[in-house]
Amino acid sequence: MVGYRRLSTAAMTVAIMTTVAGCGAPSGKDTGPATAVNTIHATHAKNVRSSGAAHQNNTTLSTNVSGNVNDSTNSSSGSAAPTKGPVNYGWYYNNLSIFGPDAQIVALKPSNGSLDVEAEYDVTQGTVLQPNYKSAAVNLNHGTFGSAHSSVQPSGYSGTWSLKFGMLQYTKPIQISLAHNGTSVFMLPWSLPGYASEIMTNPAKFDNQVIGRSGSWVWIAMKGPQTPPIPQMINGFRYWNRIVAINTQSHVFYVYSIPPNTSAASTESDAPAFTQIGQTVYIGTGPWIGAFPAQPTDNNQYIVRPEPQSVVSQDEQKMLSMLKKEVTIGADGLANYWNGYVMKGKQQDSKMVWEMDPAFWNHGYLPEGIDWAARFPLNPGSYADETRQQLFGEISVLLNNPLDEAWVALDTPQKIKEHFNASPPAAIPGYVVRGGYYREVGRPVGTSTSSQQTVYVFSQAMLEEIYAVLYFRQVGPIIPTQTTQNEVNKWAPKVSMAMLQYAPADEQALDKQLIQNIQGSLETAPKMSLLQSLPGYTLHHAQLPSGTRTYWYPTNNKFPDWVDPAVFGAAAQGQGQSQVTTAPIHYTQTELGQIKQTAQTVGVAASIPYQGMPGDVLTIVKNGGKGNLILDYKNIWVIESTSPIGQPTDITTQSSVTVDGHAAMYMVGGQNSFLSFQSRSTYITIENLTPGNPISQQNMQTIGASFRTVQ
């Protein structure tokens with residue numbers, strides 16, 4: 001079958017494939033609509049399987065569809081009537097907002113010389129979604145509707161033609177035959193693969209249905225694709241993606257691929273609508289209305305009026321946002337289930353999240369946001385597609401977590417805890433396992449630091465400096481400067497393991513070793529160990545009369561300038577020079593991937609801040625052109641460049657400061673504040689995004705010191 005790509009151009013159309021029953025077409029896996037161009041002309045060659053090749057032609061075929069119904073049975077009531085004016089064959093996208101939110105077409109019928117559209121939309125009544133129906137006349141050429149009025153649920157096709165199915169194989173194509181009055185008359189070739197979703201009632205019919213008849217032609221709707229994008233996904237990923245017209249006498253058939261659309265509304269439960277007016281067949285599904293010859297031939301041209309790019313872009317953002325939200329909900333839910341219910345017996349944390357929901361385990365239903373993402377058309381290899389694939393991978397990880405099944409087999413938190421030896425059984429996206437608990441990267445799970453607890457968060461460079469100086473005292477005879485010793489004496493007692501919850505994940509292992517040694521040096525019987533490695537330091541050996549002394553000393557023979565730690569909790573609410581009001585910034589794996597990809601594209605060795613102002617989250621990653629990367633957060637704006645960044649205009653004050661031991665410049669002007677410094681080969685400038693409320697020098701230094709290279 002013909003594959004498809006989602007095109008971003010406004011002239012997206014759909015390829016039409018035609019073939020002959022019995023031709024040598026191999027069995028194939030349907031992947032959806034075909035790649036499209038401006039105008040499609042389908043050709044038919046005997047004994048040769050059509051490739052679905054599209055021929056660009058800017059001239060469309062105008063076909064007058066007035067006439068009478070010829071020996072047809074369809075799903076709509078009412079007498080046939082001529083349309084008002086000619087219409088081109090092909091697919092027409094329609095804005096259905098006149099009917100209701102996320103509406104979709106469920107019926108078509110002729111009415112007073114025009115085509116009436118009936119659409120369904122859901123309305124929440126209490127906790128239940130109730131379907132509502134409205135109908136309105138459509139001007140297909142202009143894509144406009146008349147006044148909408150209430151309608152009733154339509155009935156489907158009830159003629160003498162039907163489909164019969166072979167053995168059901170939910171993940172493989174099934175054999176389908178066309179039957180008349182229950183007797184099979186034509187077996188569809190394997191080049192037209194049909195599928196069967198894993199539902200309890202009529203699974204094959206759920207994915208393949210006769211929708212109408214025009215003379216000697218029977219029209220069938222079929223779903224695809226064959227396989228889900230997430231291995232554990234069972235239902236919700238298939239949609240109506242093909243219309244097949246079969247001649248019941250010659251068994252010639254034509255396949256019309258249904259264009260994909262970006263609406264969140266699922267069409268899986270509503271078969272495409274069908275009606276005939278004169279010599280034209282009309283088919284409606286989702287937001288699409290297709291117009292096709294009632295007697296298909298090889299010499300028809302087809303157009304597509306595409307979905308507006310503005311709608312595509314808006315829906316793409318909504319879809320990715322919803323998918324990220326589902327991943328976050330799933331990860332947070334599992335973490336809370338383990339941390340609160342399993343480890344502490346808190347019943348309020350026993351609430352099951354979607355990956356533990358019986359609706360999934362019994363029926364295969366995942367949240368609608370995941371279903372929508374599975375159906376959403378994206379350009380393969382695009383950033384949005386790669387983001388979706390990364391999120392799908394994280395969803396798969398969540399669905400593979402042993403906790404998803406343990407709650408069924410083990411009925412008490414104590415049993416679950418014992419079964420897994422009081423240790424989380426598997427990784428969760430966005431979390432690390434520490435001390436028998438899931439800890440969200442950068443902060444405690446589901447909580448913020450208590451205002452009654454003071455936590456001092458040191459940069460790794462400062463922890464290394466404290467460790468090195470304290471180790472000197474243990475082995476002698478190195479004596480640092482008095483300033484350095486004073487800072488160590490002041491801050492060493494404030495070092496604690498509590499800061500690890502704020503440290504970047506890739507630094508926590510070394511931070512833990514440094515903290516353990518610093519705390520050990522302050523005990524009554526000091527105990528410290530020589531670390532195997534210490535970034536930025538060189539191991540020295542000194543021969544003294546009492547023996548050899550080994551210690552770490554800065555490789556450049558100079559300790560970095562001291563930077564005070566960030567302070568959280570009670571002490572941060574006081575006044576004074578040490579007050580810092582920054583907060584951790586957390587990143588998802590998807591966001592890190594986006595930053596890394598964009599940085600590689602522009603050629604920047606990127607670093608990112610792990611501290612920002614309260615509420616800071618990454619909002620936008622921008623390609624600033626060759627050698628320039630731009631990161632937008634809620635409260636700060638970061639520019640990274642391979643070349644020095646020019647000083648902002650209207651600067652009123654500037655101060656030379658240090659960031660993690662490196663020279664930096666803090667500037668204030670134009671109601672904004674700035675911090676510029678260099679991290680390895682990359683020049684970085686931070687600017688606050690709240691005019692009139694400059695970020696203090698100390699907070700800017702804390703943010704600057706939190707930058708770490710993107711791994």
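The residues lining the largest cavity of this protein divide into 12 nonpolar, four polar and four charged. In this count Ala, Val, Leu, Ile, Met, Phe, Trp, Tyr, Cys and Pro are nonpolar, Asp, Glu, Lys and Arg are charged, and the others, Gly among them, are polar. The structure is a predicted model, in which local features need pLDDT of at least 70, side-chain atom pairs count only at pLDDT 80 or more, and totals for chains, interfaces and linings use all residues. Residues are numbered from 1 along each chain as its sequence is written, and side-chain values use heavy atoms, with hydrogens and water left out.

On a 1 Å grid over the protein atoms alone, a cavity is a set of points where a 1.4 Å probe fits but cannot get out, while a pocket is an open set with protein on both sides within 12 Å along at least five of seven lines; lining residues have an atom within 4 Å of a point. Grid points are joined across faces, edges and corners, and a volume is the space filled by probe spheres set on the points. Searching the whole structure turns up four cavities of 30 Å³ or more. The largest has a volume of about 210 Å³, and among its 20 lining residues Val457, Phe458, Ser459, Gln611 and Ser706 lie nearest its centre.

The second largest cavity has a volume of about 180 Å³. Its lining is made of 18 residues, with Tyr239, Pro260, Asn261, Thr267 and Arg375 nearest the centre. Strand 17 (239–247) and helix 4 (368–375) are the elements that give two or more residues to this lining. Helices (H or I, at least four residues) and strands (E, at least two) are DSSP runs, numbered from the N terminus.

Helix 4 turns up again in the second largest pocket, where it gives the most to the lining, with five residues. About 1200 Å³ of space lies in this pocket. Of the 47 residues that line the pocket, Gln104, Glu120, Glu268, Ser269 and Asp270 are the closest to its centre.

Seven strands form an open sheet in the order 32-33-34-38-37-36-35, with antiparallel pairing; two strands pair if DSSP finds at least two bridges between them. Strand 32 (618–623) and strand 35 (651–659) are at the edges with a single partner strand each, so one side of each has no neighbour in the sheet. On average, neighbouring strands of this sheet are turned by 15° against each other, direction ignored. Axes here are lines fitted to C-alpha atoms, for helices over the stretch in contact, and angles run from 0 to 180 degrees between N-to-C directions.

Helix 11 (residues 589–602) packs on the sheet and touches strand 32 and strand 33 (628–633), where contact means heavy atoms within 4.5 Å. The direction of helix 11 makes about 20° with that of strand 32. Helix 12 lies across strand 34 (636–641), strand 35, strand 36, strand 37 and strand 38 (682–688), running at about 45° to strand 35.

Is helix 12 mostly covered or mostly open? Helix 12 (residues 697–705) is mostly covered, with eight of its nine residues buried; buried means under 20% relative accessible area, exposed over 50%, and partly exposed in between (1.4 Å probe, protein chains only). Met700 and Ile703 are among the buried ones. Across the 711 residues of the protein, 52% count as buried.
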